[in-house]
Amino acid sequence: MKKIKTKFKDFFILKSKNNYDLRGHLREIYNQKILNKKFIFDYYSYSKKNTIRGLHLQIKNPQDKLIVVIKGKVLDICVDLRKNSKTYLQIFTKIISDKNGTSLFVPKGFAHGFLALSDENIILYKNSNYRNKSTEISIDIFDEELCLNFPKKKYVISKKDKSSISLKTFREKYQNEK
């Protein structure tokens, strides 16, 4: 496993090798010697093609996240919402998949989401803090300020994410808490 720095402070790409044999493959997804972070809570999601999840952020008790695609391929999207960061409001996007052995370490203060590109997608999340639905917000992934320019398609989006807030509303309502 190799840790690759990005332009975002404390945000890393992790590259692992898929070791194939007759049975299938084996891949290292976390190594404390390489990424010295404590994770206390894991969950996974299953998403069909063209599903959009996010952009999610815990306002109180924020989480570091390790994002690993177990099956499929996603366009992962992260927005730096750390007010005092040199990369504040900048966006990181990367295709991660079971085939390319790429995972992401997303530090506290980033909104995170993805677009599912394969027919079936299983994503593992390792978290440094517990999820709290009452302090989780969703920022509109289609917000024009993000300039993501998704192609016109019919996307599968949760009710919560359909009622997400704009970046402007986030800054007005929550930025003093950061």
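**Rings, strands and pockets**

Biologist: How many aromatic pairs does the structure hold?

Modeller: This is a predicted model, where local features need pLDDT of at least 70, side-chain atom pairs count only at pLDDT 80 or more, and totals for chains, interfaces and linings use all residues. Residues are numbered from 1 along each chain as its sequence is written, and side-chain values use heavy atoms, leaving out hydrogens and water. Rings of Phe, Tyr and Trp (its six-membered ring) pair if their centres lie within 6.5 Å. On that rule, the number of aromatic pairs is 15.

Biologist: Which kind of pair do the rings of Phe8 and Phe11 make?

Modeller: Planes under 30 degrees apart count as stacked, over 60 as edge-to-face, and the rest as tilted. The ring centres of Phe8 and Phe11 are 5.8 Å apart and their planes stand at 45°, so the pair is tilted.

Biologist: Are Phe8 and Phe11 buried or exposed?

Modeller: Buried means under 20% relative accessible area, exposed over 50%, and partly exposed in between (1.4 Å probe, protein chains only). Phe8 and Phe11, which share one aromatic cluster with Phe92 and Phe110, are both buried.

Biologist: How many residues apart are Phe41 and Tyr130?

Modeller: Phe41 and Tyr130 form a tilted aromatic pair, 5.6 Å centre to centre with 50° between the planes. Strands here are DSSP runs (E, at least two residues) and helices likewise (H or I, at least four), numbered from the N terminus. Phe41 sits in strand β5 and Tyr130 in the loop between β12 and β13 (136–138), so to speak linking distant parts of the chain.

Biologist: How many bridges join β5 to β12?

Modeller: β5 and β12 (residues 120–127) run antiparallel. Among the facing residues, Tyr46 stands opposite Ile122 in β12, and the bridge partner of Asp42 is Lys126. The number of bridges joining β5 to β12 is eight.

Biologist: How many residues of β12 are buried?

Modeller: β12 also pairs with strand β7 (residues 65–71) in the antiparallel sense over six bridges, with Val68 opposite Leu124. β12 is mostly covered, and the buried count among its eight residues is six.

Biologist: Which element gives the largest share of the lining of the largest pocket?

Modeller: A pocket is an open set of points on a 1 Å grid over the protein atoms alone, where a 1.4 Å probe fits, with protein on both sides within 12 Å along at least five of seven lines; lining residues have an atom within 4 Å of a point. The largest pocket is lined by 21 residues, with Arg53, Gly54, His56, Tyr125 and Asp161 nearest its centre. Elements giving two or more residues include β5 (41–48), β6 (51–58) and β11 (110–116). The largest share, five residues, comes from β6.

Key
Two strands pair if DSSP finds at least two bridges between them.
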